[in-house]
Amino acid sequence: RSNHPEGSVLDRLVALHPRARILARGAELAEIARRLLSAHPGGRLARARRDLEATTVRLHAATRRRLDAQRAELGQLGAQMAALSPLAVLDRGYAMVQHDGAILRDAAAVSAGDTLRVRLARGSVVVSVDEVDP
């Protein structure tokens, strides 16, 4: 053995031997393969797919709940509109009275002998005023 900083001649010869170089390259290749395998995106992709599927299921459920709530609200608003509809009021027995094309709200606005149109739930009648009682 020599105390040469680059090692002994024997060490250098062993390192140059084809078998030693093949073994060293094999170890390097094994390390590279191990690093590549740990960096493979397969596991991350599988997790991302599972997360996407779970998010999609939650999105569909939330959309369904939102649509159901909106349908219920729309039904409620439709019922309120129907209750406030002039036709619904007429259907409950009320009438809409017109004098000269305008809605009559005050008995003092007509005189005996005037002609009025009375709109009912189904159809209308024309009437003459005999007497006004303000």
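In which strand is His99 found? His99 belongs to strand β1. The model is predicted.

**Strand pairing**

β1 spans residues 96-99 and pairs with strand β3, residues 115-119, in the antiparallel sense. β1 also pairs in the antiparallel sense with strand β2, residues 102-103. The table lists both pairings.

| Strand pair | Bridges | A bridge partner pair |
|---|---|---|
| β1 and β3 | three | Gln98 and Arg117 |
| β1 and β2 | two | His99 and Ala102 |

β1 and β2 form a hairpin, with two residues between the strands. Asp100 sits in that turn. Its phi is positive, about 55 degrees.

**Around His99**

Is His99 buried or exposed? His99 counts as buried because its relative accessibility is 16%, and buried means under 20%. The side chain of His99 makes a polar contact of 3.2 Å with the side chain of Asp114. Leaving aside residues up to four places away in sequence, His99 touches Leu104, Ala109, Val110, Asp114, Thr115 and Leu116. Asp114 is therefore both a contact of His99 and its partner in a side-chain polar contact, where contact means heavy atoms within 4.5 Å.

**A nonpolar patch**

Elsewhere, Ile32 lies in helix α2, which covers residues 18-39. Which residues make a nonpolar surface patch with Ile32? Leu29 and Leu36 do, and the patch has an area of about 310 Å². Ile32 has a relative accessibility of 41%, so Ile32 counts as partly exposed.

Terms used: Residues are numbered from 1 along each chain as its sequence is written. This is a predicted model: local features need pLDDT of at least 70, side-chain atom pairs count only at pLDDT 80 or more; totals for chains, interfaces and linings use all residues. Side-chain values use heavy atoms; hydrogens and water are left out. Patches are made of residues with over 30% relative accessible area and no salt bridge: like charges are joined within 9 Å, nonpolar side chains (Val, Leu, Ile, Met, Phe, Trp, Tyr) within 5 Å. Accessible areas come from the Shrake-Rupley method with a 1.4 Å probe; for residues, only the protein chains shown count as cover. A salt bridge is a side-chain nitrogen of Lys or Arg within 4 Å of a carboxyl oxygen of Asp or Glu. Helices (H or I, at least four residues) and strands (E, at least two) are DSSP runs, numbered from the N terminus. Buried means under 20% relative accessible area, exposed over 50%, partly exposed in between (1.4 Å probe, protein chains only). Two strands pair if DSSP finds at least two bridges between them. A polar contact is a pair of N or O atoms within 3.5 Å; within protein, one must be able to donate a hydrogen and the other to accept it, and residues adjacent in sequence count only if both atoms are side-chain atoms.
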